[in-house]
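Please look over the structure shown here, and read the report that follows beside it.

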Amino acid sequence: MLSVICPTYNEEKYIANCIESILKQDYPKENLEVLLVDGMSTDKTRDIIRQYIVEYPFIKLLDNPKRIVPPALNIAIREAKGDVIMRLDAHAIYPTNYFSVLVERLTTLQADNVGGVCRTLPMNDTPVCKAIAIATSSPFGMGNSYFRIGANHEMCVDTVPFGCFKRDIFDKIGLFDEELVRNQDDEFNGRIVKNGGRIFLIPSVVIDYFARDTIQKVSKMFYQYGLFKPLVNKKLGQPATLRQFFPPVFVLGLGLGLIASCFSKLLLALYLLILILYLFLAITFGTKGTKNPRILLLLVATFFTIHVSYGWGYLVGIYKILLKKDFVAQSNR
């Protein structure tokens, strides 16, 4: 039995395509339940889901009054009847063998969690959307996050998108942390690894994921990723990866370097040299994704936005932890 769980909130643009990709799966429907947990959407999301429920009784709609992702996941896990629990995202479309391959690899590899590679697509055909999609799947934008930049073989990793879990892992290490508006997957996967579990990336499985459609939304999303990352580290007792430290160091360098350059021509020259190097790297990596000058310019701006937003959020997160301030719950959209 496979229980598929998917948080939703105001997903009328995506939910039908997501459900259609679920219905096209080659996994036997008699061994499948789909739990869509909605944060009391104010658009047509719930109406669209109800239309499918009428025809497909294995699809269920659950309510999530708290509206954010971790409670939605926990509501679904408590309701789920499956031996395997698979988390989906409504912003994505899944290949027809997605369920069957991941369930098979979960068993064969004796893993606790497996997931595929995200192929990030633009939400529409505008230069901004194309630049965002390229930036969020580029090594310069994302570091060595293999599920974003791709891999050529199955590998043991620190995290995967969404996840296909053995049911008993939740009995062993608990549910998702509801304090984490963002990064709840990172924290949960960190707990898996900390408790001796194994997570595998399965690159033969490719998910089509639709990126945000404005640089402002990208900035908000990565700020939140950075904001909650120090809290994840605190909960785990250690940082999961080294790549998370580069953006906050970059932001500190930008601020402190600017101040220091006011007092020394040598420091000013060094500061400008670092900025030029950053620009050179951004353009170099950017040209691997596009030859269009307008998109390339937007791509460089998106790289900078991702790094500064994440880095600034990370520093704010450290500040909140040191001063024991509350992490204000923010929307996950």
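Which residue takes a positive phi just after α13? K324 does, with a phi of about 55°. This is a predicted model, in which local features need pLDDT of at least 70 and side-chain atom pairs count only at pLDDT 80 or more, while totals for chains, interfaces and linings use all residues. Residues are numbered from 1 along each chain as its sequence is written, and side-chain values use heavy atoms, with hydrogens and water left out. Helices (H or I, at least four residues) and strands (E, at least two) are DSSP runs, numbered from the N terminus.

**The helix α13**

Helix α13 covers residues 293-322, and its 30 residues reach 44 Å from the first C-alpha to the last, close to the 44 Å expected at 1.5 Å a residue; the expected span is 1.5 Å times one less than the number of residues. At the N-terminal end, α13 is capped by N292, a side-chain oxygen of which lies 2.9 Å from the backbone nitrogen of R294.

Most residues other than glycine have a negative phi. M40 is partly exposed because its relative accessible area is 36%, whereas Q110 counts as exposed because its relative accessibility is 61%.

**The surroundings of S41**

The loop between β2 (32-38) and α2 (45-55) also holds S41, which is buried, because its relative accessible area is 10%. The side chain of S41 makes a polar contact of 2.5 Å with the side chain of D38, and a polar atom of the S41 side chain lies 2.7 Å from the backbone nitrogen of N10. A polar contact is a pair of N or O atoms within 3.5 Å; within protein, one must be able to donate a hydrogen and the other to accept it, and residues adjacent in sequence count only if both atoms are side-chain atoms. Leaving aside residues up to four places away in sequence, S41 touches T8, Y9, N10 and R46, where contact means heavy atoms within 4.5 Å.

Strand β6 is mostly covered, with seven of its nine residues buried.

| Partner of β6 | Sense | Bridges |
|---|---|---|
| β8 (residues 164-166) | antiparallel | two bridges |
| β9 (residues 199-210) | parallel | eight bridges |

**Cysteines without disulfides**

A search of the whole structure finds zero disulfides, a disulfide being a pair of cysteine sulfur atoms within 2.5 Å. The sulfur of C18 is too far for a bond, because the closest cysteine sulfur, in C6, is 4.6 Å away. C164 is in no disulfide either, and the nearest cysteine sulfur, that of C6, is 15 Å away. C18 counts as buried at 0% relative accessibility, and C164 is buried with a relative accessible area of 0%.

Methods:
Buried < 20%, exposed > 50% of the residue type's maximum accessible area, 1.4 Å probe, protein only. Pairing = 2+ DSSP bridges.
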